[in-house]
Amino acid sequence: MKRLLDSEIDRLRLLSGGERELRFDRDGEVLRIDLREDYIQMWQDEAAKNDNAVNLFLACESSAGNLEATKLTWVVGSAIRPESVQTKEEFTQILLSLGVSGNLASLALEHCPGLISTIAWALYFERHGWLTATPICNL
């Protein structure tokens, strides 16, 4: 497995303890950061199939058509859509178009270190309705 070489990810690992997950909530909505090694490995395997310019992997209902024509969903049975965004605004717009609230997009921008710039992240919804983010690898 490729190592995530980032002091902020190391800090999240320490904060997460043995559970290897962190939860941040605002107004009843939850962002879950999943730091379990098997999930990171699963997403790294997916990332290995794609171009290095990709910095987001989105679990969507459909792999066909425009990204805006689908919704973010859970991982099992989903279509993984690799994307590349350059700005926080572009990230937020993509998430909004996928049915994610502005509140959750904002939480991801606040709590996912290196998002957009230095670390590729995977995003999907949990069955609880939580937005889940997993860091994959350095860009």
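## Starting at the hairpin

Select phenylalanine 24 and look across to leucine 31 in S2, which stands opposite. Before you click on, note that this is a predicted model, where local features need pLDDT of at least 70, side-chain atom pairs count only at pLDDT 80 or more, and totals for chains, interfaces and linings use all residues. Numbering starts from 1 along each chain as its sequence is written, and side-chain values use heavy atoms, with hydrogens and water left out.

Helix and strand labels are DSSP runs numbered from the N terminus: H or I with at least four residues for helices, E with at least two for strands. Now show S1 and S2: they run antiparallel, joined by six bridges. Two residues sit between them in the hairpin, and aspartate 27 in the turn has a positive phi of about 55°.

## Glutamate 21

Next, pick glutamate 21 in strand S1 (residues 21-26). Is glutamate 21 buried or exposed? With a relative accessible area of 17%, glutamate 21 is buried; the cut-offs are under 20% for buried, over 50% for exposed and partly exposed in between, using a 1.4 Å probe and protein chains only.

The glutamate 21 side chain makes one with the side chain of arginine 23 at 2.8 Å and one with the side chain of arginine 32 at 3.0 Å. Leaving aside residues up to four places away in sequence, glutamate 21 touches Ser16, Arg32, Ile33 and Asp34 (contact means heavy atoms within 4.5 Å).

## Across the sheet

Follow arginine 32 onward: threonine 132 in S6 stands opposite. Strand S2 (residues 29-34) pairs with strand S6 (residues 131-138) in the parallel sense, over three bridges; strands count as paired if DSSP finds at least two bridges between them.

Now zoom out to the six strands, which form an open sheet with mixed pairing, in the order S1-S2-S6-S5-S3-S4. S1 and strand S4 (79-83) are the edge strands, each pairing on one side only. From one strand to the next, the twist averages 25°.

Select helix H2 (residues 37-47), which lies across S2, strand S3 (56-60), S4, strand S5 (119-125) and S6, at about 65° to S6. Angles like that run from 0 to 180 degrees between N-to-C directions, with axes fitted to C-alpha atoms, for helices over the stretch in contact.

Where is the one aromatic pair of the structure? Pick tryptophan 43 and tyrosine 124: they are stacked, 6.2 Å centre to centre with 25° between the planes. Since tryptophan 43 lies in helix H2 and tyrosine 124 in strand S5, the pair ties together parts that are 81 residues apart in sequence. Both residues are buried. For Phe, Tyr and Trp (its six-membered ring), a pair needs centres within 6.5 Å; planes under 30 degrees apart are stacked, over 60 edge-to-face and the rest tilted.

## Last stop: helix H4

Finish on helix H4 (residues 102-111), where Asn103, Leu104, Ala105, Leu107 and Ala108 are buried. Show what covers them, including S1, S2, H3, S5 and S6.

Key. Polar contact = N/O pair within 3.5 Å; in protein donor to acceptor, adjacent residues only side chain to side chain.
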